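Thanks for coming. I will take one structure and walk through it, beginning with a single residue and then moving out to the whole.

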Amino acid sequence: MPITPAATAHSTSMGTSQAILLELVDEQGNTVGTAEKLSAHQPPGQLHRAFSVFLFDEQGRLLLQRRALGKYHSPGVWSNTCCGHPYPGEAPFAAAARRTYEELGISPSLLAEAGTVRYNHPDPESGLVEQEYNHLFVGMVQAPLRPDPEEVGETAFVTPQELAQRHEQAPFSAWFMTVLDAARPAIKELTGPSVGW
């Protein structure tokens with residue numbers, strides 16, 4: 001994929017999250033402008049485009065990541081395989097593939113669109129707000145993980161039963177269950193009925 005001017009302009013700012021621009025959208029997902037990442041998450045939040053990725057191994061186990069402790073937003077909590085924000089003008093599918101590689105060092109062997117979900121989730125720990133129009137993707141991972149320690153503190157492959165146990169015992173991102181539930185039809189289609197998603 002060629003790097004767009006928007007991506008080039010922001011690729012040098014990865015360490016200073018506040019300088020990264022997000023794409024603001026209306027309730028139908030149409031682009032209406034841009035905002036700095038941190039300001040878009042300040043209460044009450046500005047509706048912006050996001051993506052969430054759910055990758056599974058060949059046994060149908062979901063790859064979770066625990067967000068690195070150094071992240072300013074939701075550090076140290078468990079969440080889906082990868083999530084983030086497209087650069088302005090960047091296709092959500094391309095952003096999902098790019099960010100999965102940047103965070104986990106893998107390219108999904110399969111990645112498919114799984115719909116969208118709109119939500120408003122305040123994060124009680126940070127005081128930030130997730131006002132997101134989120135594009136969902138499901139896929140397979142068949143390569144060894146090489147997580148970036150600045151982004152990812154820990155990873156785990158879990159069955160539905162193991163996820164339920166972990167969710168009871170450990171902190172998860174405010175948006176996790178919303179995006180998981182929205183992606184479930186596509187997850188079931190990918191993993192098959194016997195796995196239990």
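Start with Phe93, which counts as partly exposed at 36% relative accessibility. Keep in mind that this is a predicted model. The cut-offs matter here: a residue is buried under 20%, exposed over 50%, and partly exposed in between, so 36% puts Phe93 in the middle class.

What does Phe93 pair with? Phe93 forms an aromatic pair with Phe137. The distance is 5.7 Å centre to centre, with 75 degrees between the planes, and the pair is edge-to-face. Phe93 sits in helix H3, residues 92-104, while Phe137 sits in strand E8, residues 129-140, so the pair ties together parts that are 44 residues apart in sequence.

Now the whole protein. The protein has 5 helices and 9 strands. In sequence order the pattern reads α-β-β-α-β-β-β-β-α-β-β-β-α-α. The radius of gyration is 16 Å, close to the 16 Å from the globule rule for 197 residues, so the protein is as compact as a globular protein of that length. Along the principal axes, the C-alpha atoms fill a box of roughly 45 × 40 × 35 Å.

Of the 197 residues, 52% count as buried. The exposed surface comes to about 9,200 Å², and carbon and sulfur atoms supply 53% of that area. On contacts, take those with a separation of 6 or more: residues 24 or more positions apart account for 66% of them. As for charge, there are 13 positive and 22 negative charges, and their mean positions are 2 Å apart.

Back to the rings. How many aromatic pairs does a search of the whole structure find? The search finds 3. One is the pair I opened with, Phe93 and Phe137. Another is Phe56 with Trp197: the ring centres are 5.7 Å apart and the planes are at 70 degrees, so this pair is edge-to-face. Phe56 belongs to strand E3, residues 48-56, and Trp197 to the segment after helix H5 (176-191), so the pair ties together parts that are 141 residues apart in sequence. Phe56 and Trp197 are both buried.

Next, some residues in loops. Val141 is in the loop between E8 and strand E9 (152-158). Val141 is buried, at 6% relative accessible area. Leaving aside neighbours within four places in sequence, Val141 is in contact with Leu55, Phe56, Asp57, Ile106, Ser109 and Phe157. Phe56 in that list is the partner of Trp197 in the ring pair. Val141 and Glu58 are 83 residues apart in sequence, yet their C-alpha atoms are 7.9 Å apart in space.

The loop between E8 and E9 also holds Glu151. Is Glu151 buried or exposed? At 14% relative accessibility, Glu151 counts as buried. Again leaving aside neighbours within four places in sequence, Glu151 is in contact with Gln65, Arg67, Ala68, Lys71, Arg99 and Glu103. From Glu151 to Gly70 is 81 residues in sequence and 7.8 Å in space, C-alpha to C-alpha.

Ser74 lies in the loop between strand E4 (62-67) and strand E5 (78-79), and Ser74 is buried, with a relative accessible area of 6%.

Last, Pro44. Which peptide bond is cis? The bond from Pro43 to Pro44 is, with omega near 0 degrees. Pro44 is in the loop between helix H2 (37-40) and E3. At 65% relative accessibility, Pro44 counts as exposed. Not counting residues up to four places away in sequence, Pro44 touches Val129 and Gln131. Pro44 and Glu103 are 59 residues apart in sequence, and their C-alpha atoms are 28 Å apart.

Note on methods: Residues numbered from 1 in each chain as written. Predicted model: local features only at pLDDT ≥ 70, side-chain atom pairs only at ≥ 80, totals over all residues. Heavy atoms only, no water. Helix = DSSP H or I, 4+ residues; strand = E, 2+ residues; numbered from the N terminus. Rg over C-alpha atoms; globule rule 2.2 N^0.38 Å. Buried < 20%, exposed > 50% of the residue type's maximum accessible area, 1.4 Å probe, protein only. Contact = heavy atoms within 4.5 Å. Areas by Shrake-Rupley, 256 points an atom, 1.4 Å probe, with all protein chains shown as cover. Lys, Arg positive; Asp, Glu negative; His and termini not counted. Charge placed at Lys NZ, Arg CZ, Asp CG, Glu CD. Phe/Tyr/Trp six-rings, centres within 6.5 Å; stacked < 30°, edge-to-face > 60°.
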